[in-house]
Amino acid sequence: MNIVIPASRMGATSPASPAGTSARPTREEAETAVRTLLRWAGDDPTREGLIDTPARVVKSYEEFFKGYSTDPVAILERTFEETDGYDEIVLLRDIRLESHCEHHMVPIIGRAHVAYLPHRRVVGISKLARVVEAYGKRLQIQEKLTAQIANTIQEVLQPRGVAVVIEASHQCMSTRGVHKSGVTMVTSRMLGAFRDDPSTRREVLAMIGNRSVSAGDD
Ligand SMILES: [Zn+2]
């Protein structure tokens, strides 16, 4: 007996799902979907003010989700070894984070702090910000985003430790649902020396200047 799984459910579990769930729709199909949502919201997509909206939304999506076409590993592959033995913390603080929550597709806005302890080689400092952007410009949950940034830096650079702290507010909490504004979610991922050595962790958290994460993380 064959068990038939509806195509709409296969996409969630099978990365190699058939066309219709995995094939990229055309721009025209995407614009049609926006028109459907405009009608669903209760408006008329043919009125003057909305006539170009589907095209604008689809163009915005290219920007919001450009991380899918960016390879974070490639960003980190060019490194420098002439560091004169520098082996202290390298921290890029207050990186603007713009992402979208994967449950509601509304913005997550905040700041990321990325640190590592070099082992023989360093990476151009702007590359850390670009890794944040490569994962941020996707549909995300903050926990996964934090882990992905840390894990990728650890795997590619192989430093003695990586620390990533993200503080962000989620518009799905402030503009809908519980309607709580001014709430910040803080997540952190500590690897290597930052995980194993409490004094190294304290040092990086002091550099970040965020007391709120120094107590709760293990
Ligand atoms: Zn959400």
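Arg27 counts as partly exposed, at 41% relative accessibility (buried means under 20% relative accessible area, exposed over 50%, partly exposed in between, with a 1.4 Å probe and protein chains only). This is a predicted model, where local features need pLDDT of at least 70, side-chain atom pairs count only at pLDDT 80 or more, and totals for chains, interfaces and linings use all residues. Residues are numbered from 1 along each chain as its sequence is written, and side-chain values use heavy atoms, with hydrogens and water left out.

Arg27 has a partner: its side chain meets that of Glu62 in a salt bridge, 2.4 Å from N to O (a side-chain nitrogen of Lys or Arg within 4 Å of a carboxyl oxygen of Asp or Glu). Arg27 sits in helix 2 and Glu62 in helix 3, so the pair ties together parts that are 35 residues apart in sequence. Helices are DSSP runs of H or I with at least four residues, numbered from the N terminus. Glu62 is partly exposed too, with a relative accessible area of 39%.

A search of the whole structure turns up nine salt bridges. Here are some of them.

| Salt bridge | N to O distance |
|---|---|
| Arg27 and Glu62 | 2.4 Å |
| Glu31 and Arg35 | 3.8 Å |
| Asp43 and Arg47 | 2.7 Å |

Glu31 and Arg35 both belong to helix 2, four residues apart, which is about one turn of the helix. Glu31 is buried at 12% relative accessibility, while Arg35 is partly exposed at 27%. Together with Glu28, Glu31 and Arg35 are linked in a network of salt bridges. As for the Asp43 and Arg47 pair, Asp43 is partly exposed at 33% relative accessibility, and Arg47 is partly exposed at 38%.

The largest pocket holds about 810 Å³ (a pocket is an open set of points on a 1 Å grid where a 1.4 Å probe fits, with protein on both sides within 12 Å along at least five of seven lines; lining residues have an atom within 4 Å of a point). Of its 22 lining residues, Pro25, Ala30, Tyr61, Phe65 and Met105 are the closest to the centre. Helix 2 gives the most to this lining, with eight residues. By type, the lining divides into 15 nonpolar, four polar and three charged residues.

Tyr61 lies in helix 3 and is partly exposed, with a relative accessible area of 36%.

Notes:
Grid points are joined across faces, edges and corners, and a volume is the space filled by probe spheres set on the points. Helices (H or I, at least four residues) and strands (E, at least two) are DSSP runs, numbered from the N terminus. Ala, Val, Leu, Ile, Met, Phe, Trp, Tyr, Cys and Pro count as nonpolar, Asp, Glu, Lys and Arg as charged, and the others, Gly among them, as polar.
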